[in-house]
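Colleague: I would like to learn how to read a model of this kind with some care, taking one feature at a time. Could we go through it together?

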Amino acid sequence: MSEGLSDRTTSWVTGAIGLVGSIAYIVAARQIEDSLLADAVGASGVPVGVGLLMAAASVALMIKAWALPSPAPLAAAKHDGAAVEPAASRMPAHRLAAGLMAILLGYLLVLPWLGYIVSIGALSVAVAWLSGGRDRKALLGIALLTGPL
């Protein structure tokens, strides 16, 4: 966690930026024209779905910020007297950003060969793993649910 901002402030700012970005993304995705061979979903269906998912995550982050206490930054959770923090919060911000960019680049590179469902599942698992998720059952669940959904 940064020394100057509380978890609440960081969540508010990140959620607000994410919400504005996702709305802009959805508006841009709705501009995609359907071809004569388009199905019921159309060419903009998947991008709009991704934008809606981004908006939902941003709203959830803002709700989390609203639920957090405001006066002081939160202390790390205690476990047997030792502070326990997610792997992403221990990682320097530039490394976390570089890791997320590498994951996104990998997603863009494999997308043409693996398709949306498998690529989105792999993207979700990679982000969860980078954020500190190591439970194999949970990662498998993420992979199996996020792609199709």
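Colleague: Which helix gives the most to the nonpolar patch?

Modeller: Bear in mind from the outset that this is a predicted model. The helix in question is helix 4, residues 93-130, which gives eight residues to the nonpolar patch. The patch on the surface is formed by Val 46, Leu 105, Leu 109, Val 110, Trp 113, Leu 114, Tyr 116, Ile 117 and Val 118, and together these residues have about 910 Å² of accessible area. Leu 105, for instance, is found in helix 4.

Colleague: How many helices and strands does the protein chain have, and in what order do the elements run?

Modeller: The secondary structure comes to five helices and two strands, and from the N terminus on the order is α-α-β-β-α-α-α.

Colleague: Where in the protein chain is confidence lowest, and where is it highest?

Modeller: Confidence is read on the pLDDT scale, from 0 to 100. Here the mean over the protein chain is 80, with 81% of the residues reaching 70 or more; strand 1, residues 77-79, has the lowest confidence, at a mean of 48, whereas helix 5 has the highest, at 90.

Colleague: What span should helix 1 have, and what distance separates its end C-alpha atoms?

Modeller: The expected span is 1.5 Å times one less than the number of residues. For the 24 residues of helix 1, residues 7-30, this should come to 34 Å, and because the end C-alpha atoms are 34 Å apart, the two values agree.

Colleague: Which residues of helix 1 are buried, and what covers them?

Modeller: In helix 1 the buried residues are Arg 8, Ser 11, Gly 15, Gly 18, Ser 22, Ile 26 and Ala 29, and what covers the buried residues of this helix includes helix 2, residues 45-67.

Colleague: Does Leu 140 count as buried or exposed, and why?

Modeller: A residue counts as exposed over 50% relative accessible area. Leu 140, whose place is in helix 5, residues 136-146, counts as exposed because its relative accessibility is 51%. The C-alpha atoms of Leu 140 and Val 125 are separated by 7.8 Å, although the two residues lie 15 apart along the chain.

Colleague: What share of the contacts joins residues at least 24 apart?

Modeller: Among contacts in the protein chain between residues at least 6 apart in sequence, that share is 58%.

Technical notes:
Residues are numbered from 1 along each chain as its sequence is written. This is a predicted model: local features need pLDDT of at least 70, side-chain atom pairs count only at pLDDT 80 or more; totals for chains, interfaces and linings use all residues. Side-chain values use heavy atoms; hydrogens and water are left out. Patches are made of residues with over 30% relative accessible area and no salt bridge: like charges are joined within 9 Å, nonpolar side chains (Val, Leu, Ile, Met, Phe, Trp, Tyr) within 5 Å. Accessible areas come from the Shrake-Rupley method with a 1.4 Å probe; for residues, only the protein chains shown count as cover. A salt bridge is a side-chain nitrogen of Lys or Arg within 4 Å of a carboxyl oxygen of Asp or Glu. Helices (H or I, at least four residues) and strands (E, at least two) are DSSP runs, numbered from the N terminus. Buried means under 20% relative accessible area, exposed over 50%, partly exposed in between (1.4 Å probe, protein chains only). Contact means heavy atoms within 4.5 Å. pLDDT is the predictor's confidence in each residue, from 0 to 100.
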